[in-house]
Amino acid sequence: MKKFGLALLTLSSILLLAACGSGSATTTDKIKIGASPTPHAEILEHIKPELKEQGIDLEIVKFDDYVLPNKALEDGEIDANYFSTVPYFNLQKKENGYKFSNVGAIHLEPMGIYSHKIKKVSAIPNGAKVIVSNVPSEWGRVLNIFVKNNLIKLKSGVAIDKATFEDITENLKELIFEHSVDPTLLTAAYENNEGDLVAINSNFAYEKGLNPVKDSLMIEQNDSPYVNIVATKTSDKDNKDIEKIVKVLHEPKVQKWIEKKWGGSIVPVNKRSE
């Protein structure tokens with residue numbers, strides 16, 4: 001009887017240890033990342049299975065604007081966000097005192113200039129109205145597109161991400177730049193023919209069925225500094241789980257998937273920071 005009791009106790013101990021071992025092997029860490037619906041959230045959804053295998057349960061919180069993702073990060077509602085360009089990120093830190101860090105550049109969404117009426121750059125009429133977003137950090141990238149197409153000139157030495165409309169020194173077509181529209185409403189401005197030309201970022205263009213490579217009149221070049229990044233609080237910049245997420249986003253197979261899915265109009269990059 002004693003031997004039976006001892007054997008039963010030993011068996012129970014083995015089962016308990018096995019159960020504990022099994023539980024630790026399947027333990028996952030939950031990471032919440034705020035992201036724009038397209039393409040950011042779609043890219044994150046694509047890598048969720050691989051992250052799961054690495055012990056990370058990724059929760060994606062979608063935001064439709066440019067303000068709330070940083071507020072949510074500051075308030076601790078999310079662990080990281082993936083939506084902003086480097087210049088916008090730096091501007092937001094300066095204006096709001098955010099102690100955030102850029103932990104990885106992931107992709108570029110080339111800004112495109114769209115028009116229903118104008119089919120080639122040489123046909124842009126004098127006095128054409130150009131609608132641009134009301135986000136100052138976007139102005140330089142739009143102006144640079146017009147510089148590259150020999151339509152305007154800027155003050156010598158002005159940085160792309162610092163340029164404003166006051167830096168225009170030559171305006172060969174006397175273009176009128178209107179910069180009062182929220183970025184989320186630029187596609188509506190285009191659809192409603194509110195301007196001769198409308199500058200739209202690729203993520204918003206894609207949501208409305210526009211392909212920046214095929215449908216834009218002019219498009220930003222791939223050497224642009226306006227890459228989209230993953231950001232965290234500086235206190236979390238060495239978080240191992242977030243490092244794993246960035247590493248997976250930089251994998252060649254993921255970058256090839258991005259290129260294929262968006263037909264080359266979302267350009268993956270592989271940089272720790274900018």
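Guide: Helices (H or I, at least four residues) and strands (E, at least two) are DSSP runs, numbered from the N terminus. The model is a predicted one, in which local features need pLDDT of at least 70 and side-chain atom pairs count only at pLDDT 80 or more, while totals for chains, interfaces and linings use all residues. Residues are numbered from 1 along each chain as its sequence is written, and side-chain values use heavy atoms, with hydrogens and water left out.

Visitor: Which residues of helix α10 are buried?

Guide: A residue is called buried under 20% relative accessible area, exposed over 50%, and partly exposed in between (1.4 Å probe, protein chains only). In α10, which covers residues 252–261, Val254, Gln255 and Ile258 are buried. Seen down the axis of α10, these buried residues fall within an arc of 100°, so they line one face of the helix. The arc is that of the directions from the helix axis to the C-beta atoms. Pro252, Lys253, Lys256 and Lys260 are exposed on the other side of α10.

Visitor: Which residues are buried in helix α9?

Guide: Helix α9 spans residues 240–249, and its buried residues are Asp241, Ile242, Ile245, Val246, Val248 and Leu249. Down the axis of α9 they fall within an arc of 160°, so they too line one face of their helix. Lys240 and Lys247 are exposed on the other side of α9.

Visitor: How many helices and strands does the secondary structure of the chain have, and what share of its residues is buried?

Guide: The chain has 10 helices and 13 strands. Of its 274 residues, 47% are buried. The chain exposes about 13,800 Å², and carbon and sulfur atoms supply 52% of that area. Such areas come from the Shrake-Rupley method with a 1.4 Å probe; for residues, only the protein chains shown count as cover.

Visitor: What share of the contacts in the chain with a separation of 6 or more comes from residues 24 or more positions apart?

Guide: A contact means heavy atoms within 4.5 Å. Among contacts with a separation of 6 or more, residues 24 or more positions apart account for 76%. Val198 and Tyr114 are 84 residues apart in sequence, yet 5.2 Å apart in space, C-alpha to C-alpha. Leaving aside residues up to four places away in sequence, Val198 touches Gly112, Ile113, Tyr114, Ile131, Leu186, Ala189 and Tyr190. Val198 is buried, with a relative accessible area of 0%.

Visitor: Is Leu151 buried or exposed?

Guide: Leu151 counts as buried, at 5% relative accessibility. Leu151 sits in the loop between α5 and β7 (152–154). Between Leu151 and Val121 there are 9.0 Å, C-alpha to C-alpha, and the two are 30 residues apart in sequence. Beyond residues up to four places away in sequence, the residues that Leu151 touches include Ile124, Phe146, Leu172 and Met218. Asn150 is found in the loop between α5 and β7 as well, but Asn150 counts as exposed, at 60% relative accessibility.

Visitor: What is the phi of Asn150?

Guide: Phi of Asn150 is near 60°, a positive value in a residue other than glycine. Asn193 also has a positive phi, near 55°. Asn193 is found in the loop between α6 (186–191) and β10 (197–200), and at 37% relative accessibility it counts as partly exposed. For a peptide bond one reads omega instead: from Thr38 to Pro39 the bond is cis, with omega near -5°. Pro39 lies in helix α2 (residues 37–53).

Visitor: Which residues line the largest pocket?

Guide: Rolling a probe the size of a water molecule over the atoms shows where empty space is left. On a 1 Å grid over the protein atoms alone, a pocket is an open set of points where a 1.4 Å probe fits, with protein on both sides within 12 Å along at least five of seven lines; lining residues have an atom within 4 Å of a point. Here the lining consists of Pro87, Asn90, Leu91, Lys94, Pro136, Ser137, Trp139, Asp161, Lys162, Ala163 and Thr164. The elements giving two or more residues to this lining are α4 (86–96) and α5 (136–148), and α4 gives the most, with four residues.
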